[in-house]
Amino acid sequence: MKIYLILLFSVFSFVALAQDAPIKWATQETFFEDLRGKDLPAFKWVTINKKPFSNIDLKNQVVVINFWFEKCPPCIAEMPELNNLVVKYGKKAVRFIGITHDSPASAKQFQKRSGYKYEIVALTQDELRKLNINHGFPSNVLVGKDGKIIYATANISFSDPQFKAKSILFEEKLKAALEN
């Protein structure tokens with residue numbers, strides 16, 4: 001009987017200790033934090049203009065990846081800000097890639113209509129899931145010249161107070177990545 005009591009006490013002790021450990025809830029922000037320092041996953045894609053490229057082609061380049069789709073109001077709202085980044089940094093060895101789950105034809109029409117300046121890749125939703133570097137739409141991922149993810153955030157907006165600080169941080173990290 002003593003053995004059973006000791007075992008029972010031991011189990012409850014471990015449970016009590018486990019409850020003292022801090023809990024890290026899975027949120028969009030914790031997902032993005034966990035991406036930092038990880039390699040950009042391997043891939044082979046074709047742009048909507050039928051230009052093939054892979055993660056290997058992005059080595060020694062700073063890359064900004066924007067996850068969006070045509071029926072996403074926040075995605076559309078941030079595109080002028082993203083286009084401003086292209087104007088500001090596009091000639092400084094930064095590659096801007098927009099990834100959507102819209103069809104290639106639809107994405108191409110959207111790009112013509114909207115003036116979205118990113119190079120666009122249309123993936124299936126299953127391909128997006130397997131890539132596993134976005135957490136909702138829009139998502140923006142900054143990748144360094146070494147192929148490692150530097151920073152990720154949701155909306156980019158330098159005017160909306162809700163997103164301004166993270167957008168400024170995104171741009172600061174982009175500038176720093178260019179200097180390295």
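Guide: Start with one term: two residues are in contact when heavy atoms of theirs lie within 4.5 Å. Take the contacts between residues at least 6 apart in sequence: 67% of them join residues at least 24 apart. This is a predicted model, in which local features need pLDDT of at least 70 and side-chain atom pairs count only at pLDDT 80 or more, while totals for chains, interfaces and linings use all residues. Residues are numbered from 1 along each chain as its sequence is written, and side-chain values use heavy atoms, with hydrogens and water left out.

The protein has 6 helices and 7 strands. Both are DSSP runs, numbered from the N terminus: helices are H or I over at least four residues, strands are E over at least two. Their order from the N terminus is α-α-β-β-β-α-β-α-β-α-β-β-α. Of the 180 residues, 42% are buried. Buried means under 20% relative accessible area, exposed means over 50%, and partly exposed is in between, with a 1.4 Å probe and protein chains only.

Next, the rings. A pair of aromatic rings is described by the distance of the centres and the angle of the planes. Rings of Phe, Tyr and Trp (its six-membered ring) pair when their centres lie within 6.5 Å; planes under 30 degrees apart are stacked, over 60 edge-to-face, and the rest tilted. The structure holds 9 such pairs. One of them is F43 with F53: the centres are 5.8 Å apart and the planes stand at 85 degrees, so this pair is edge-to-face. F43 sits in the loop between α2 and β1 (44-46), and F53 in strand β2 (residues 52-54), 10 residues apart. Another pair is Y116 with Y118: here the centres are 4.9 Å apart and the planes at 15 degrees, so the pair is stacked. Y116 is buried, at 2% relative accessibility. Y118 is buried too, at 0%.

The charged end of R95 sits over its ring, 4.7 Å from the centre. The rule here asks for NZ of Lys or CZ of Arg within 6 Å of the ring centre and within 35 degrees of the ring normal.

Together with W68, F96 and F110 they form one aromatic cluster. F137 in turn is joined to P138 by a cis peptide bond, with omega about -5 degrees. P138 lies in the loop between α5 (125-131) and β6.

Step back to the core. In soluble globular proteins, nonpolar side chains tend to be buried together. A nonpolar core is a set of buried Ala, Val, Leu, Ile, Met, Phe, Trp, Tyr and Cys residues joined through side-chain atoms within 4.5 Å. The largest one has 25 residues, and V64, W68, F96 and Y116 have the most contacts inside it. Two or more of its residues come from each of β3 (62-67), α3 (73-89), β4 (94-100), α4 (104-114), β5 (119-122) and α6. The most come from α3, which gives 6. Another core lies apart from it, with 22 residues, including L35, F43, L131 and I133.

F32 lies in helix α2 (residues 28-35). F32 is buried, with a relative accessible area of 1%. Its C-alpha atom is 6.5 Å from that of T153, 121 residues away along the chain. Beyond four places in sequence, F32 touches H135, S139, A152, T153 and A154.

Strands pair if DSSP finds at least two bridges between them. Strand β6 (residues 139-143) is joined to β7 by 4 bridges, and the two run antiparallel. V141 has A152 as its bridge partner in β7. Strand β7 (residues 149-153) is mostly covered, with 4 of its 5 residues buried. The hairpin has 5 residues between the strands, and G147 there takes a positive phi near 85 degrees.
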